[in-house]
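Please consult the sequence and the structure while reading.

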Amino acid sequence: MLLEVAREVPPESTQQAVGYPALFLLVALGALMPVIPTGALVSSAAVVALHHETLPWGLALVFVVAALGAFTGDLALYWLGQRGVRSRNGSRWLAALRGRAAPEKLAAAQERLTEHGVAVLVVSRLVPAGRIPVMLACLLAEMPLRTFARGDLPACLAWAATYQLIGILGGSLFDEPWKGLVLAVALALLLSAAPTVWRRLRRRAA
């Protein structure tokens with residue numbers, strides 16, 4: 001009985017049933033542990049959705065799932081960081097956040113947070129390597145989780161839309177999905193790596 005039902009499920013539906021939960025999980029984990037290129041994942045998913053027959057629902061689902069995954073991961077990381085701030089001994093999550101935020105970036109993030117409030121979260125999500133210093137600044141300012149969530153939600157929506165647009169642009173240039181996929185991933189990785197490369201070039205020049 002189960003085999004008969006499984007055979008009746010279209011391959012594309014099966015891929016979507018697995019793909020969207022996987023996208024959510026990977027983006028959420030990437031927010032917790034920034035070793036996963038989440039931007040490239042969203043761009044790749046957008047390319048795949050663009051070449052399926054599910055338009056525009058496929059792209060809408062990629063956008064919602066990616067934004068929700070990023071939002072969930074951010075809230076989880078912020079909650080874990082709050083526990084460290086409140087604890088006398090701190091926590092490994094708070095220590096990890098401190099280790100990934102250079103002192104000068106943290107100082108700049110604290111200044112922007114004082115001037116603009118939670119609106120700075122939107123910019124931090126769009127600027128590569130800008131999310132952690134701003135999140136740490138919010139933690140050190142003892143911003144409540146609810147207030148952080150109110151600013152982080154539009155930030156995650158803007159982030160998901162940006163990387164999905166990269167995927168759409170890359171995927172629309174080629175008839176074969178794999179070519180668009182390669183271009184979208186390359187663009188997303190380039191956008192993420194550009195600030196780091198620029199800082200290294202400046203240090204060498206100095």
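Q: What percentage of the residues in the protein chain is buried?
A: The model is predicted, and its protein chain has 206 residues. A residue counts as buried when its relative accessible area is under 20%. The buried share of the chain is 36%.

Q: Among contacts with a separation of 6 or more, what percentage joins residues 24 or more positions apart?
A: A contact requires heavy atoms within 4.5 Å. Among contacts in the protein chain with a separation of 6 or more, those between residues 24 or more positions apart account for 77%.

Q: Which element gives the most residues to the largest nonpolar core?
A: The largest nonpolar core has 22 residues, and Y78, L97, M135, C138 and F148 have the most contacts inside it. Elements giving two or more residues to this core include α4 (57-86), α8 (131-140) and α9 (145-172). With seven residues, the element that gives the most is α8.

Q: Which residues does Y78 contact, leaving aside its neighbours within four places in sequence?
A: Y78 is one of the residues with the most contacts inside the largest nonpolar core. Leaving aside neighbours within four places in sequence, the contacts of Y78 are M135, C138, L139, M143, P144, L145 and F148.

Note on methods
Residues are numbered from 1 along each chain as its sequence is written. This is a predicted model: local features need pLDDT of at least 70, side-chain atom pairs count only at pLDDT 80 or more; totals for chains, interfaces and linings use all residues. Side-chain values use heavy atoms; hydrogens and water are left out. Buried means under 20% relative accessible area, exposed over 50%, partly exposed in between (1.4 Å probe, protein chains only). A nonpolar core is a set of buried Ala, Val, Leu, Ile, Met, Phe, Trp, Tyr and Cys residues joined through side-chain atoms within 4.5 Å. Helices (H or I, at least four residues) and strands (E, at least two) are DSSP runs, numbered from the N terminus.
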